[in-house]
Amino acid sequence: MTADQPARPDSAPHVPVVIIGAGPVGVTAALLLARRGVRTLVLERHEDVYPLPRAVATDDEVRRILQAAGVGEEFTAIARPANGLRLLDARHRVMAEFRRTGHGRHGYPQTSMFDQPELERLLRDALARHPECALRGGAEVTGVGPDTAGPVRVTYRDDDGEHEVWAEAVLGCDGANSLTRDAIGAVWEDLRFEESWTVVDVRTTADVRCWDGVDQVCDPHRPATFMRVGEDRYRWEFRLPDATGGDGDGESVRELVAPWLPSSFVDDFEVVRLTRYTFRARLADRWRGGRVFLLGDAAHLTPPFVGQGLCSGLRDAYNLTWKLARVLRQGGDERLLDTYESERKPHARHVVRLAVAMGWAMTGGQDGAATLRRRLLAAVCRIPGLTAAAGRDLSPALTAGPLVRRRLRGGLAGTHCPQPWITADGRRTRLDEVLGDSFTVLTAAEPPPSLHALAQALGVRAVPVSDLGDDGTLAAWLRAGRAAAVLLRPDRVVMDVVPAGGNDFTGTAAWASLLHTTRSPLPPRRTADDRLLRSATR
């Protein structure tokens with residue numbers, strides 16, 4: 001404890017984890033921790049879900065994360081599969097098409113559209129079903145720290161006055177203007193993209209011209225994005241000239257969206273939201289200070305052109321929560337938490353740069369070479385196989401590190417295991433429902449004694465893929481990766497590989513010390529003030 005850190009009173013409320021912000025990232029993190037037995041307190045300054053649409057797209061990897069959080073089927077009921085992405089020229093002629101399939105490697109459509117308020121409501125409903133989680137609305141966090149090594153002091157105010165709570169870890173899911181980011185002394189790295197756009201959400205039963213995917217209009221004078229979100233819900237985004245001023249009125253919106261509507265269309269056109277956003281590309285220079293972590297928009301800002309803003313935040317939550325739970329509940333080494341930033345930050349940078357590149361493809365810039373760049377883009381898009389390659393998974397393999405034992409370029413380590421449908425106890429289900437929330441050893445054949453011993457040490461099973469009753473997906477995946485067995489992390493990333501013809505993992509010493517230490521995990525603690533963690537979800 002530092003000299004300026006106040007001593008924690010014996011009567012002060014204590015929780016294992018405080019989460020600041022009850023958006024999709026914060027609540028998903030709470031649900032993932034709850035499934036691992038970690039109690040959380042979620043503090044949110046607003047009383048209820050923000051009612052207007054914001055994020056509208058997700059991919060199959062993030063659908064799998066929502067499954068892990070326990071809301072996969074509920075999300076399926078509110079999601080709409082989408083065809084993918086098209087690049088259009090200024091006259092709305094197709095320049096390139098990036099198709100997304102209805103069944104990706106994670107077991108879900110590669111692109112799904114949804115309404116964010118609906119997602120937030122189902123996440124909060126799930127939160128209310130977990131006694132390990134408490135949500136306090138109308139609670140504005142006023143301070144974190146100053147000591148962030150843990151336990152960490154968090155202060156907040158609500159209608160009842162000022163409060164403090166102490167936590168073993170704090171997750172800052174508090175957005176672009178994050179107080180948590182300031183608390184750990186992190187600053188933004190500017191990735192050189194900033195544009196103001198008008199976003200229009202509309203509800204109409206008109207016969208809108210669309211292909212049930214996302215259209216990017218690559219016109220430097222009026223670049224635009226259009227997508228169908230739901231049965232009668234649509235979104236347009238326009239970069240408007242500075243001279244337009246404000247967000248426009250209903251008549252100007254009609255003029256903007258006219259190219260997509262029937263020429264005789266008159267009525268039934270409700271503008272649900274009309275607002276102006278500044279799209280930025282930024283990364284926090286550090287994502288961790290002691291036991292305080294940044295997630296989502298607190299750690300990275302992504303222009304929306306590849307639909308990965310919310311997706312990146314949910315990937316943050318999935319990557320961090322299993323590691324944090326292992327440290328808090330199973331005596332994992334503190335160094336395990338260092339891998340959160342080292343694994344997630346390069347991926348976030350990749351996604352931001354991809355979004356910036358798409359933004360420049362749409363606009364072509366404003367200088368004299370803009371026309372040449374647009375013509376070059378159109379020519380590149382005609383290269384055979386390029387659009388198919390560009391439309392693949394937006395999540396590249398994790399780089400080598402303590403929890404990714406990569407030996408061969410193109411090997412399975414650092415990639416995700418696919419999730420086929422399997423047969424278990426006579427019923428069809430998804431792979432992850434059988435594997436659970438911990439490590440798993442998957443083998444191409446009956447595992448040798450050495451792999452059984454390793455699995456036993458981890459407290460998991462060694463499972464031959466032939467026992468899973470899938471459609472051959474897993475066996476083919478292992479063959480393509482020249483692997484006799486793989487060790488899957490709880491987030492379904494391949495941590496280590498037994499090469500074809502081998503009998504054992506060779507990098508065990510490098511990661512075993514992170515997962516198990518001689519230090520005892522935190523003992524279960526009864527919260528000093530039970531009212532603090534009551535089921536107060538609202």
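Mentor: What follows is a close look at helix α7 and the two helices packed on it.

Some ground rules come first. This is a predicted model, in which local features need pLDDT of at least 70, side-chain atom pairs count only at pLDDT 80 or more, and totals for chains, interfaces and linings use all residues. Residues are numbered from 1 along each chain as its sequence is written, and side-chain values use heavy atoms, with hydrogens and water left out.

Now the setting. The protein chain comes to 14 helices and 25 strands. Helices here are DSSP runs (H or I, at least four residues), strands are runs of E (at least two), and both are numbered from the N terminus. Buried residues (under 20% relative accessible area; exposed is over 50%, partly exposed in between, with a 1.4 Å probe and protein chains only) make up 55% of the 538 residues. The average pLDDT (the predictor's confidence in each residue, from 0 to 100) is 86, and 86% of the residues score at least 70.

Helix α7 covers residues 309-330. Axes are lines fitted to C-alpha atoms, for helices over the stretch in contact, and angles run from 0 to 180 degrees between N-to-C directions. Under 35 degrees counts as roughly parallel, over 145 as roughly antiparallel, 65 to 115 as roughly perpendicular, and the rest as oblique. The crossing of α1 over α7 is right-handed. A crossing is right-handed if the near helix is turned clockwise from the far one by less than a right angle, and left-handed if anticlockwise.

Which residues touch? Contact means heavy atoms within 4.5 Å. From α1 come Pro 24, Val 25, Thr 28, Ala 29, Leu 32 and Leu 33. From α7 come Leu 310, Gly 313, Leu 314, Ala 317, Tyr 318, Thr 321 and Ala 325. By class, the residues of this contact are 10 nonpolar, 3 polar and no charged. Nonpolar covers Ala, Val, Leu, Ile, Met, Phe, Trp, Tyr, Cys and Pro; charged covers Asp, Glu, Lys and Arg; the others, Gly among them, are polar.

Stop at Val 25. At 11% relative accessibility, Val 25 counts as buried. Beyond its neighbours within four places in sequence, Val 25 touches Leu 310, Gly 313, Leu 314 and Ala 317, among others. Its contacts also include Cys 173, Leu 295 and Gly 296. Val 25 and Cys 173 lie 148 residues apart in sequence, yet their C-alpha atoms are 6.5 Å apart.

Now turn to α2 (residues 60-68). Helix α2 packs on α7 at about 45°, with the axes 10 Å apart. That makes α2 oblique to α7. This crossing is left-handed. On the α2 side, the residues are Glu 61, Val 62, Ile 65, Leu 66 and Ala 68. They meet Cys 311, Leu 314, Arg 315 and Tyr 318 of α7. The classes here are 7 nonpolar, no polar and 2 charged.
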